[in-house]
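Here are some exercises to work through with the model open beside you. Try each task on your own before you read its solution.

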Amino acid sequence: MSGVSESIVPSQSSRGTKRKWVPEEDAALVSCMVDLHNIGTFNADTGFKAGYLNELEKMLEKALPNAMLKARPNIESRIRLLKRDWSIVYDMLNGQNNSGFGWDDHRQVIVAEDAVWDSYLKSHKEAGQFKHRSFPYYDQLTAI
């Protein structure tokens, strides 16, 4: 039996460490990603080259010394989430047959009539979160 409990403990400790990101950390991460992109060292045709996560970790350590953000799993998973959210917003604003959506630069939100939202959300449930939520990193992530 001791073999079973030993094998459970490591998986529990690695799985139960979900991290809650605060807006300051998101802003620093996106800012560092833009800086890394502008420097050009890690740029590739489809995003960033290998090793960019470690570089972002170093940059974030300077920007947020007490955050203790690690390349894996923290930064990697947050970038995946930001990409997903960006993709949803981008598709709403630029996708085929998606007229009726607009972007409010001041509030950093998608705007549309309720009928447009209702119709779109029938086939794109994941977009519902943006009906009442801003996405302040859209322009910066689009530039990358």
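**Exercise 1.** How closely do the axes of helix 2 and helix 4 come, and at roughly what angle do they cross?

*Solution.* Keep in mind that this is a predicted model.
- Step 1: The two axes come within 12 Å and cross at roughly 85°.
- Step 2: Angles of 65 to 115 degrees count as roughly perpendicular, so helix 2 is roughly perpendicular to helix 4.
- Step 3: Now find the residues that make the contact. Helix 2 brings D26, L29, V30 and M33, while helix 4 brings I75, R78, I79 and L82.
- Step 4: Sort these residues by class, and you get six nonpolar, no polar and two charged.

**Exercise 2.** Work out how helix 3 is placed against helix 4, and say which residues make the contact.

*Solution.*
- Step 1: The axes of helix 3 and helix 4 come within 10 Å, with a crossing angle of roughly 100°.
- Step 2: This angle makes helix 3 roughly perpendicular to helix 4.
- Step 3: On the helix 3 side the contact is made by Y52, L53, N54, L56, E57 and L60, and on the helix 4 side by A71, R72, I75, E76 and I79.
- Step 4: By class, this contact of helix 3 with helix 4 has seven nonpolar residues, one polar and three charged.

**Exercise 3.** Find the residues that touch the most other members of the largest nonpolar core, then follow one of them, L56, to its contacts.

*Solution.*
- Step 1: The core has 36 residues, and those touching the most other members are L29, Y52, L56, L60, I75, I79 and M92.
- Step 2: Two or more core residues come from each of helix 2 (23-39), helix 3 (52-63), helix 4, helix 5 (114-123) and helix 6 (138-143).
- Step 3: Leaving out residues up to four places away in sequence, L56 touches L29, C32, M33, L36, I75 and I79.
- Step 4: For background, nonpolar side chains tend to be buried together in soluble globular proteins.

**Exercise 4.** Which residues of helix 4 are buried, and what do they pack against?

*Solution.*
- Step 1: The buried residues are A71, N74, I75, R78, I79, L82, D85, I88, V89 and M92.
- Step 2: These buried residues pack against helix 2, helix 3, strand 3 (102-104), strand 4 (109-111), helix 5 and helix 6.

**Exercise 5.** Is D85 buried or exposed, and which side chain does D85 join through a polar contact?

*Solution.*
- Step 1: Locate D85 in helix 4, which spans residues 71-94.
- Step 2: Buried means under 20% relative accessible area, so D85, at 4%, counts as buried.
- Step 3: The side chain of D85 has a polar contact of 3.2 Å with that of R133.
- Step 4: Beyond its neighbours within four places in sequence, D85 is in contact with Q129, F130, R133 and F135.

**Exercise 6.** Where does L93 lie, and how far is L93 from W103 in sequence and in space?

*Solution.*
- Step 1: L93 lies in helix 4 and, at 22% relative accessibility, counts as partly exposed.
- Step 2: L93 and W103 are 10 residues apart in sequence, and their C-alpha atoms are 7.6 Å apart.
- Step 3: Setting aside neighbours within four places in sequence, the contacts of L93 are F101, G102, W103, I110 and Y138.

**Exercise 7.** Describe the whole chain in terms of its helices and strands.

*Solution.*
- Step 1: The chain has six helices and four strands.
- Step 2: Along the sequence they follow the pattern α-α-β-β-α-α-β-β-α-α.
- Step 3: Of the 144 residues, 32% count as buried.

Key. Residues are numbered from 1 along each chain as its sequence is written. This is a predicted model: local features need pLDDT of at least 70, side-chain atom pairs count only at pLDDT 80 or more; totals for chains, interfaces and linings use all residues. Side-chain values use heavy atoms; hydrogens and water are left out. Buried means under 20% relative accessible area, exposed over 50%, partly exposed in between (1.4 Å probe, protein chains only). A polar contact is a pair of N or O atoms within 3.5 Å; within protein, one must be able to donate a hydrogen and the other to accept it, and residues adjacent in sequence count only if both atoms are side-chain atoms. Contact means heavy atoms within 4.5 Å. A nonpolar core is a set of buried Ala, Val, Leu, Ile, Met, Phe, Trp, Tyr and Cys residues joined through side-chain atoms within 4.5 Å. Axes are lines fitted to C-alpha atoms, for helices over the stretch in contact, and angles run from 0 to 180 degrees between N-to-C directions. Angles under 35 degrees count as roughly parallel, over 145 as roughly antiparallel, 65 to 115 as roughly perpendicular and the rest as oblique. Ala, Val, Leu, Ile, Met, Phe, Trp, Tyr, Cys and Pro count as nonpolar, Asp, Glu, Lys and Arg as charged, and the others, Gly among them, as polar.
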